[in-house]
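Try each task yourself before you read its solution.

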Amino acid sequence: MLKIENISKTFKNEKKLNNLSFTVPEGEIYTLVGNKGEGKTTLLEIITGFTKPDEGNIYIKGKDCLSGRDKLKKMFGYVPDVFPLYSHMTLKEYMRFFGAMMEIDEEKVKHLTVNLLGFVGLSDEIDIRISKLNRLQKQKLSIARALLHNPKLIILDEPFYRLDVAGVREIKEILDFLHKQGRTIFMTS
């Protein structure tokens, strides 16, 4: 599903990634573990197209991720470690905004919004502003947004960061369900 091949990246004369290679098989849950500052987020930013590597290649389902970025964005859903600044929006507005960005039909987005927010346990918060959500609720919203276009690969950066034991359990249950649907889960910790 995901192949990382000889990826290297240097920031401010510090090598963050040095000839990193591995493969995440389709339908698996794969966690990249490392200390803070070791390049995990940098790698995810390269995979998702926010940063370019100095060297190396990335493939999703055999397709070159670095040269065909726009076409491949619909193949994965990304949940960053820091929640984007959309605090003025309601959950419904947030989902519609990203649905429009993904060029999903507005009626379909309305339907998906109800279903996905229900799936992650946020049905009652659909008309609440994001600024009113706690960390766990924001993480669930990010996961719902990442699923809007029904990707087979879900990429999560530190999905359990700053969550209590109950919150970690809830996110694990969501990820386990997605895995049982045949999705590939790649995350950092």
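**Exercise 1.** Find where Arg183 sits in this predicted model, and work out which partners its side chain has.

*Solution.* 
Step 1: Start with the location. Arg183 lies in the loop that links helix H6 (165-180) to strand E8 (184-188).

Step 2: Look for a salt bridge. One needs a side-chain nitrogen of Lys or Arg within 4 Å of a carboxyl oxygen of Asp or Glu. For Arg183, the nearest side chain of opposite charge is Glu26, 11 Å away. So Arg183 has no salt bridge, even though Arg183 is buried.

Step 3: The Arg183 side chain reaches the backbone oxygen of Pro151 at 2.6 Å. The side chain of Gln181 is another partner, at 3.0 Å.

Step 4: Arg183 then touches several residues, including Gly27, Glu28, Leu147, Asn150 and Leu178.

**Exercise 2.** Trace how strand E4 pairs with strand E1 and with strand E5.

*Solution.* 
Step 1: Take E1 (residues 2-11) and E4 (residues 55-60). They run antiparallel, paired over 5 bridges. To see one of these bridges, go to Ile4, whose partner in E4 is Ile58.

Step 2: Move on to E5 (residues 63-64). E4 pairs with E5 in the antiparallel sense too, over 2 bridges. Here Tyr59 stands opposite Asp64.

Step 3: Check the turn. The E4–E5 hairpin has 2 residues between its strands, and Lys61 takes a positive phi near 50°.

How values were computed: Residues are numbered from 1 along each chain as its sequence is written. This is a predicted model: local features need pLDDT of at least 70, side-chain atom pairs count only at pLDDT 80 or more; totals for chains, interfaces and linings use all residues. Side-chain values use heavy atoms; hydrogens and water are left out. Helices (H or I, at least four residues) and strands (E, at least two) are DSSP runs, numbered from the N terminus. Buried means under 20% relative accessible area, exposed over 50%, partly exposed in between (1.4 Å probe, protein chains only). Lys and Arg count as positive and Asp and Glu as negative; His and the chain ends are not counted. A polar contact is a pair of N or O atoms within 3.5 Å; within protein, one must be able to donate a hydrogen and the other to accept it, and residues adjacent in sequence count only if both atoms are side-chain atoms. Contact means heavy atoms within 4.5 Å. Two strands pair if DSSP finds at least two bridges between them. Lists of a residue's contacts leave out its neighbours within four places in sequence.
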